Amino acid sequence: MRDTAAEVRDTAIRAYRGARARARRYGRRIRQHWRTATPHQRQTARVAAGSAALGLAVAVTAVAVTGPWDSGQRTAERSRAAAREGRSGGNHTGEDPGGAALADAPKVLAALHPEAAGGAKSRSGGAGTPPPSPDALADALEPLVEDGELGKRHALSVVDAATGKQLYSVKPRTAGTPASTVKLATAAAALSARGADHRIETRVVRGDDPDEIVLVGGGDPTLSTGALDDLARTTARELGGKDAGKVSLKYDTSRYSGPVRHSIGANDNLAPVTPLMVDEGRLEGTSERPLHGPAPRSTDPASDAAEAFADALGEHGADVEGDPGEEKAPRKAKELAVHRSAPLSVLAERMLTYSDNDIAEALARQTALASGEPAGFEGAGKAVRDRLGKLGLPLGGSRFADGSGLSRSDKVSPALLTSLLVRAADSGHAELRPVLTGLPVARFTGTLDDRYTGGSGKAGAGLVRAKTGTLTGVNALAGSVVDADGRLLLFAFMASGTKDGKAAQETLDGLASALADCGCRDSPSAG
């Protein structure tokens with residue numbers, strides 16, 4: 001039986017570690033807020049600090065003049081700032097903030113084989129439903145195309161999913177700015193390169209020194225606070241818990257190369273692109289909320305993740321000495337713990353459903369790593385293009401400056417997007433199926449949950465599944481729809497130079513809804 005002195009000693013040690021972890025967390029929050037403060041806010045803080053110092057000096061002088069205190073003691077109270085209001089959305093990372101796995105996106109895709117799409121014989125014994133005629137589609141779509149809301153630079157492509165045949169087009173091979181519809185290409189390339197079941201690993205290994213461990217980022221932006229805590233618990237247990245002695249912590253971000261900042265600069269839509277981050281680099285007060293949509297981001301997600309890991313190790317009994325430093329892990333280091341992300345199929349679906357830029361850039365870099373290219377913006381763009389070429393897709397005029405579509409230097413054509421969707425619908429490319437199953441459903445999920453509520457787009461609610469793309473002056477929509485005869489059609493609509501973004505968006509929704517509402521086997525204009 002342990003003596004009282006040992007119990008008191010252990011209690012004191014645990015209290016000390018807990019206090020030190022809390023102090024480290026407070027310090028990290030202060031550093032995060034200082035990194036993201038504007039110059040005006042920093043100047044205000046300096047003036048306030050100077051005023052406080054002057055006030056303290058006056059108080060000390062007064063005490064010295066009046067003599068020492070007779071009795072009593074001074075106490076200080078620390079209050080936390082109210083949590084900043086969170087942003088929009090639902091969790092899409094494959095894990096909730098507590099680390100629990102989420103269910104896959106619903107598989108609500110229409111049958112894709114030719115027979116189910118209309119090739120089988122009807123109940124009357126006649127031939128099955130044929131695809132829409134080009135003339136009938138033109139009658140349904142051209143009034144919307146010509147209403148002027150898509151501007152002068154627009155291109156469209158509509159194809160039959162079962163046969164890949166072009167049914168309607170306007171400059172389909174003209175490459176334009178795709179905005180977030182480029183995520184279709186990012187998803188297809190990553191799934192083709194890595195496979196749908198691939199999981200991204202975040203590891204903890206032994207360092208060069210006996211008392212050193214290294215947190216190795218593998219490129220998983222969906223690593224959650226809960227998952228990091230589990231990783232720390234396993235690591236602390238492997239180290240021996242409270243009997244492990246003191247350890248130093250390093251972190252390794254060598255998996256990626258090139259700039260961490262996107263060309264658009266600091267932005268609430270994308271954290272610095274590093275292979276190590278927690279909750280997509282969202283700052284304190286936002287990580288507890290669903291992880292998609294714009295939010296303030298850390299300027300150094302890898303360092304913040306390492307500090308959070310050090311805190312978690314302390315909570316689980318490992319005594320971390322000093323602050324984490326950046327260092328490359330030894331090549332054949334002993335592994336202490338590992339966390340694996342959700343399968344790539346789940347990550348791709350969530351990226352497409354919520355247009356998640358952090359996951360998009362991570363998947364582009366996974367494509368680069370699988371292809372032997374440097375895992376930066378340039379290497380990832382080359383790897384994505386090469387992988388799409390191996391799928392036999394039309395790449396004329398294409399350029400991939402990033403994986404997310406935030407760059408205006410990205411260029412793809414409607415023909416590339418519809419050809420890609422045809423590949424994803426092909427039974428010979430089952431690994432690409434998440435490209436279709438991850439598409440938002442009109443008026444129900446993701447970036448289409450608040451669209452198709454009225455007007456010409458209302459008919460597409462629940463029937464249109466499409467990836468959105470929006471930048472200032474750029475509007476795009478690409479996806480699938482089942483027409484009134486039960487035929488699965490694939491489409492890509494792209495417009496640049498639009499003057500009224502909302503009106504252009506409504507026109508795109510109207511075009512997709514016209515496909516859903518169209519039997520289109522007979523054209524009135526055919527006479």
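This is a predicted model: local features need pLDDT of at least 70, side-chain atom pairs count only at pLDDT 80 or more; totals for chains, interfaces and linings use all residues.

Author: Residues are numbered from 1 along each chain as its sequence is written, and side-chain values use heavy atoms, with hydrogens and water left out.

Reader: Why is L291 called buried?

Author: Buried means under 20% relative accessible area, exposed over 50%, and partly exposed in between (1.4 Å probe, protein chains only). L291 has 1% relative accessibility and therefore counts as buried. L291 lies in the loop between β5 (246–252) and α7 (301–315); helices (H or I, at least four residues) and strands (E, at least two) are DSSP runs, numbered from the N terminus.

Reader: What makes the contact of D319 and K246 a salt bridge?

Author: A salt bridge is a side-chain nitrogen of Lys or Arg within 4 Å of a carboxyl oxygen of Asp or Glu. For D319 and K246 the N to O distance is 3.1 Å, so the pair meets the definition. The pair links distant parts of the chain, with D319 in strand β6 (residues 319–320) and K246 in strand β5, 73 residues apart.

Reader: How do you know whether D319 and K246 are buried or partly exposed?

Author: D319 has a relative accessibility of 9% and so counts as buried. K246, at 44%, is partly exposed.

Reader: Why are R365 and E361 said to be about one helical turn apart?

Author: They are separated by about one helical turn because they stand 4 residues apart in helix α9 (residues 357–371).

Reader: How many salt bridges does the structure hold?

Author: The structure holds 12 salt bridges. Among them is that of E280 with R282, whose closest N and O atoms are 3.1 Å apart; both of these residues are buried. D229, D230 and R233 are linked in a network of salt bridges.

Reader: Why is D500 called partly exposed?

Author: D500 has 40% relative accessibility and therefore counts as partly exposed. D500 is found in the loop between β11 (488–496) and α13 (501–516).
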